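Morning, everyone. I'd like to take a few minutes to walk you through a structure that may be new to you. Let me put it up on the screen.

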Amino acid sequence: MDITAIIQSLVEKFPGVIIDQSADRVTLTKEAVLPVFEFLKNGPAACVSLHGVTAVDRKETVEVVYHVHSFQHRVMLTVKVILPNDNLNVPSLTSLWGAADWMEREVFDLFGVRFEGHPDMRRILNPENWTGHPLRKDFQMDGVVPRPVK
Amino acid sequence: MAVNAKILGAEVIDKVPGGSFFLAKTEDLFNWAKSSSLWPLTFGLACCAIEMMVTGGSHYDIDRFGSGVFRASPRQCDVMIISGTICIKMKDSIKRLYDQMPEPKYVIAMGNCAISGGIFYHDSYSVVKGAEAVGIPVDVFVAGCPPRPENLLHGIIKLQEKINSTKAKKA
Amino acid sequence: MDFQELIINMGPQHPSTHGVLFLQLKLDGEVIVDCQPNIGYLHRSIEKIAENRSLVQFMPFTDRLDYIASMNNNLGFCLAAEKLLSITASPRAQYLRVIVAELNRVASHLLAISTFAQDLGAYATPLFYALRDREKIIQIFDQICGQRLTYNYLRLGGVSRDLPLGIDQRIKDFIAYQRQTLPEYHDLLTGNVIFCARSKHIGVLHKDTAINYGVTGPNLRASGVAWDLRKDEPYLMYDKFDFNVVTGAAGDSWDRYDVRMREIEESLKIIEQALGGLPEGDPVVKVNKVFRLNGEAYMRTENPRGELGFYIVGDGGPLPYRLKVRSPSFSNLSVLATMIKGMNISDAVCVLGSLDIVMGEIDR
């Protein structure tokens, strides 16, 4: 099963939830996150390893990016979920992967995306009394010295 | 080093007839004792900690300068080698470690990060701009990213010179 | 009988937390009931800095992520950037990259096993042996690129400079020397009764748990999963070299030590083959000075600690719009709390040491 076959199986199994797709990535609707990942993990794709969770701030929206990986088929699939800025909530994957725990906490810390159902949604890298989410493009803080540009 | 020779040198002992005791000024004696056994704190922050380990290791052998006894507790230390980047989350711990050290205490800022924030000075939201910004007085700055082990040894020798040149306070 | 829970704070300054890790341990007597790792004490905002640096300017920062294996970090970032820009390095550069990356893997594993032994109470002796051997590699790097720890040697499209004259003989001498001295480590540690008693059957990481938590690298292989990116998704010239993927059986702390010991031998084999087949040619291909970054790329490489991934997103400008570092130690550490629950407190140090973490890349 190569990457095209995995994406094809997703399209067939979950009609209507895949907004966008390309060679090695798919974009989902928010509601479909849990069933799609459960299918990816336990289904024929056997993407048993959650390799990374991250996010990209697109100013009006925030993309949450998941990388899942299958040892059996030797493929890496990128899954994206696009969230509007006024509703940064997405279902947590902690019920499927233990790895999601810290990775989602990191995304919450740096981007302010809340993962619903996460058992311990705290900051992980920055101090607990910190305000703001530093990897947002609109983040500003006193004491940050910008690099002088020629 | 000069004090060392003066106290232990044969000419001093020879001048004292019949006994094996030394003559020296107390401030020289105390300075000699302080500078010859600078026990550092086992406290690695970042990259520079690896070079600090190497300095303590077999090739460079920090023990030749009396600083080989790395202690895990700040209460047993004389010198704190701040080896790495100081971050906002860590700064209170560092200050507390410094406060826990008994007098006389000395600080070596090892590497550019501990001096000024170094490579992380610009654009960083979580790096403190050097050890002195935390309120820790630094005796010797050792520049480099990371400094070579020879640099750190040089810094320790400079610190010894500094200790040896201090005058005792009048009571 | 009355039981009282005791909370012990281990770190952020502790000799065996390998940096500034803070573990909050809840104890019942000597048994760990709960463990709460706190990280972020070395959070240097590298990902934010990356958004204000061009790809070439960001290279020195990758050195400081996993400062024990800087070459491998350079390599991971270089390959990700080259994937985004569709650059292929010259054949000679690819061989040079393999040589320096594997040399650094040996240096990193030497430090890993010796600090692990030191955590178990073998104070200083294994560490001094390892520092002695590691120093030879560091001096080779010093001659190649003029730095001891943060090399900044790789460039987009190749390496910054060719090997200096006579270095290949020096590397060959090192391989022969390391093969001679490896039995010393086996004498000191591998069969050592105390070492085995402290590390065998301690901190067993089951295969499924390891995969579930995203553990990679030697820690995953010690649990019996034969997965090595150099073999399974070969990058550079790794498919041309003959080497084995080392696996362990039980997944305990001793296995994690043993896998690293045997990986050193495999790395020496790769260096030897790469030196033998080193092609002539330019060490770097000509690339543009200014790039326009479009689209996104994700590339992962086999670091000494596991799979290091770089995710670069461009928006058409010269600076990355977003750069994410997927660090292996981050996932390897996240499994610690589940592993040490129910153990004696003295074994927590053993498990932590055997996982071989580097705080620089966990906190970034």
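**A walk through chain B and its surroundings**

Let's start with confidence: chain B averages a pLDDT of 82, and 84% of the residues score at least 70. The pLDDT, by the way, is the predictor's confidence in each residue, from 0 to 100. One stretch to treat with care is residues 1-14 of chain B, where the pLDDT is below 50. Beyond near neighbours in sequence, that stretch has 17 contacts in the model, a contact being two residues whose C-beta atoms, placed from the backbone, lie within 7 Å.

Some housekeeping. This is a predicted model, so local features need pLDDT of at least 70 and side-chain atom pairs count only at pLDDT 80 or more, while totals for chains, interfaces and linings use all residues. Residues are numbered from 1 along each chain as its sequence is written, and chains are lettered from A and ligands numbered from 1 in the order in which they are written.

Now, strand β2 of chain B, residues 106-110. Helices (H or I, at least four residues) and strands (E, at least two) are DSSP runs, numbered from the N terminus. Is this strand enclosed or open? Five of its five residues are buried, so β2(B) is largely enclosed by the rest of the structure. Buried means 20 or more other C-beta atoms within 10 Å of the residue's own, again placed from the backbone. B:Y106, B:I108 and B:M110 point one way, and B:V107 and B:A109 the other.

Who are the neighbours? Strands pair if DSSP finds at least two bridges between them. B:A109 stands opposite B:I82 on one side and opposite B:F141 in β3(B).

B:A109 comes up again in the largest nonpolar core, which has 199 residues. Such a core is a set of buried Ala, Val, Leu, Ile, Met, Phe, Trp, Tyr and Cys residues joined through C-beta atoms within 7 Å. B:M80, B:A109 and B:M110 touch the most other members. Helix α4 of chain C, residues 91-119, gives the most to this core, with 16 residues.

Last stop, chains A and C: 22 residues of chain A are in contact with 25 residues of chain C. On chain A's side, β3(A) gives the most, with six residues. That's my tour, thanks!

How values were computed: A residue is buried if 20 or more other C-beta atoms lie within 10 Å of its own, exposed if 12 or fewer, and partly exposed in between; C-beta atoms are placed from the backbone.
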